[in-house]
Amino acid sequence: MAVEMPEGLTLDPVSRQSTASVIAGLLRRAIMEGTLPPGTQMGEAALAAQLNVSRGPLREAMQRLVQEGLLRSELHRGLFVIELGADDFLDIYVARAAVEAAAARLILRRDPEGTAERLGEVHAEMVKAAKRRDRKALSDADLRFHELFVAESGSGRLRRMSGTLLVETRICMTALERKYPTPAELADEHGAIIAAIRAGAEDKLLALIDTHMSDAVDRLETHADAEPDS
């Protein structure tokens, strides 16, 4: 049953993006890019001064990142950027595989040709970065590809879930970049995904996503095992 708005009710307009949301976005990006490395303690006073913001919205922003799992709280010590290990790698990519498989099914039922075209533009950036052997540009394009892939599903919930997973993925990539495949291999993997979308080949597309994620876990775990003890 519809409920009518109370007569005389007045509400203030909501800003398109709150200060806390803006700060959360800046901190999320800094964590993703490694500017705030894993294990960094989030000094409230220093961050507030650097960002030129008051502590209220900064605290709210940091609590959002705690809820997203990007910051962890230690009693009597404060907040720290999460540190990821081999078990986390597996968990992240298992979750990404599930989200992207769901996105793939929706893509094939919506606008596969249009999606392939839009993904192709990002893939072209990957190919250029691969030819230059620019791993930073390649990993940036890689994440944009997967962000767009999930967005093309049309599901806001899948997109929200994917957002945090991609930040965690970037932490893995930044920490263990040397073990990632050659630039050409990475570009080719994404080209195959686009080809499967164009062909409307659901089984092939799902298999490619599963292989892409499981291969990444294998590489990351192997590299982590090979790292010398500190």
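Which residues in α2 meet Arg 55, Leu 58, Arg 59 and Met 62 in α3? The legends below begin with that contact. This is a predicted model, in which local features need pLDDT of at least 70 and side-chain atom pairs count only at pLDDT 80 or more, while totals for chains, interfaces and linings use all residues. Residues are numbered from 1 along each chain as its sequence is written, and side-chain values use heavy atoms, with hydrogens and water left out.

**View 1. The packing of helix α2 (residues 44-51) with helix α3 (residues 55-68).** Glu 44, Ala 45, Leu 47, Ala 48 and Leu 51 are the residues of α2 that meet α3, where contact means heavy atoms within 4.5 Å. The residues of this contact of α2 with α3 divide into six nonpolar, no polar and three charged (Ala, Val, Leu, Ile, Met, Phe, Trp, Tyr, Cys and Pro count as nonpolar, Asp, Glu, Lys and Arg as charged, and the others, Gly among them, as polar). The two helices (DSSP runs of H or I with at least four residues, numbered from the N terminus) pack at an angle of about 110 degrees, with their axes 10 Å apart. That makes α2 roughly perpendicular to α3 (angles of 65 to 115 degrees count as roughly perpendicular, under 35 as roughly parallel, over 145 as roughly antiparallel and the rest as oblique). Axes are lines fitted to C-alpha atoms, for helices over the stretch in contact, and angles run from 0 to 180 degrees between N-to-C directions.

**View 2. The packing of α6 with helix α8 (residues 183-199).** The axes of α6 and α8 come within 11 Å and cross at roughly 20 degrees, which makes α6 roughly parallel to α8. On the α6 side the contact is made by Arg 135, Leu 138, Asp 142, Phe 145, His 146 and Phe 149, and on the α8 side by Pro 183, Leu 186, His 190, Ile 193, Ile 194 and Ile 197. By class, the contact of α6 with α8 has eight nonpolar, two polar and two charged residues.

**View 3. The packing of helix α5 (residues 112-132) with α8.** Here the axes come within 9 Å and cross at roughly 170 degrees, which makes α5 roughly antiparallel to α8. Among the residues that meet are His 123, Met 126 and Val 127 in α5, and Ala 187, His 190 and Gly 191 in α8. The residues of the contact of α5 with α8 divide into twelve nonpolar, five polar and three charged.
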